[in-house]
Amino acid sequence: MSDPARWSPRVAAGVLAVALVFTIAVTTPWHLIDLPKPDAALDFTSAEIARQNAFRHEILPWSTTSWVISLVVPLLVGFTPLGGRLYDGLRIRPWFLRVAVLVAGVGLIASLLTLPTDVLAERVSRRYGLSVSPWGLWLRDRAVNWLLSALGLAAIVIVLMALAKRWDRGWWLPGAIGAALLVLGVSFAYPVLVEPRFNHFTSMPAGALRNDFLKLAAQDGVPVQDVLVADASRRTTALNAYVSGFGSTRRLVVYDTLLKNTPPAQVRLVVAHELGHAAENDVLHGTLIGVLGTAFGVTVLRLLLGARMGDPRRTAAVLALIAAGTTLGSPVQNLVSRKIEARADYHSLKLTNDPKDFVAMQHDLAVTNLSGLDPARWRYWMFADHPTAPERIAMGRAWARDNGGAVPPLAKR
Ligand SMILES: [Zn+2]
């Protein structure tokens, strides 16, 4: 126990793990209301269910294959001698440039290998009218995604390696603090830096709807400075809205797709849901969990790699560990996300007192977005960051039940 360089990362990993579990345990709304058993057949016609199943049956083989490939590529390159060989094969100096090229290269290989299955999945999306993005724009989005994630990953790996070169075994402490600060910065900067790369925002013109949104927000105790409309219809028919920023920068963003064909009572419920996220400080809690999780991850990297982190030949191994770590973490992330989304739903019911339109909206959203009504268990744990439509509808019914009302089933069969 005499050498602090030996035991301090272990103690830190333990403390961070406890802090992480504690934060998740106390900030996650585990129970809101007793829910009846979700039942898609109550509200979805057999034709709607059949169409959703057909869509998923066609798209899932391709999207799942893409997901597997994008996971296997970094693992295969990183956990075999291939990673070291690729690094040696690149005759680039200085070392950090070589690391950046290798990181971007592994991302590019994964992106090229998943291109065929992604194209097939995108074609299914188009056939069902879900995606309307022109192929040129679709390709551009892919390239921007690849570039942004390569830049981000390369920056993280290079900084950690530079720290390890400088501090041998003590690199994890400045590394963990730096990575945590990065998560903090990205969480606040994302709405201003990344969102405008994909959508254009315009201030919603004055009118009854805008006033209604501003009034709803003020009534909810989360005043917004502006209501923005995002031109999401260039890419998708999916309906969405969100609140971003804090205090004087807080704004409500609605997709133009939502304003086109959605009944006003439903748009109001979507907005009330988003206000719920703001009122419950969900972004703040999420950021705190992200900060702790990242610091924990860096400390685990130190326990696994030690001083070898300073060796740029380990670049691919670091990428593989990051890929494995984020994949292992996603079921927990999704579980927390589903609970938080359920709370925002609950909030929207309290704010609007409109369970009937809530149920209708969840039904219509699921039909438009072709979301899975009863996904396989492993998919639910691995990918579902929202409760399923039947689960959300069950909450609407439970709320109506507890507040002296009842919502009759939508599907007459
Ligand atoms: Zn939400």
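Start by selecting Leu76, Val77 and Gly78 in α3, which meet Leu82, Gly83 and Leu86 in α4; contact here is C-beta atoms, placed from the backbone, lying within 7 Å. By class, this contact has four nonpolar, two polar and no charged residues (Gly counts as polar, Leu and Val as nonpolar). The model you have open is predicted: local features need pLDDT of at least 70, side-chain atom pairs count only at pLDDT 80 or more, and totals for chains, interfaces and linings use all residues. Residues are numbered from 1 along each chain as its sequence is written.

Now show α3 (residues 46–78) and α4 (residues 82–89) whole: they pack at about 80°, with axes 6 Å apart. The two are therefore roughly perpendicular, a label for angles of 65 to 115 degrees.

Next, select Leu319 and look for Pro74, Gly78, Val103, Val106 and Leu153, its contacts once neighbours within four places in sequence are left aside. Leu319 is also among the residues that touch the most other members of the largest nonpolar core, which has 41 residues. Such a core joins buried Ala, Val, Leu, Ile, Met, Phe, Trp, Tyr and Cys residues through C-beta atoms within 7 Å; buried means 20 or more other C-beta atoms within 10 Å of a residue's own. Colour α13 too, as it gives the most to this core, with 10 residues.

For a second, separate core, of 40 residues, pick Ala217, Ala272, Leu349 and Met395, which it includes.

Last stop: α11 (residues 264–279). Of its 16 residues, 13 are buried. After α11 comes Asn281, with a positive phi near 55°.

Definitions and conventions. Axes fitted to C-alpha atoms, helices over the stretch in contact; angles between N-to-C directions. Helix = DSSP H or I, 4+ residues; strand = E, 2+ residues; numbered from the N terminus. Parallel < 35°, antiparallel > 145°, perpendicular 65-115°, else oblique. Contact = placed C-beta atoms within 7 Å. Buried ≥ 20, exposed ≤ 12 C-beta atoms within 10 Å, placed from the backbone. Expected span 1.5 Å × (residues − 1).
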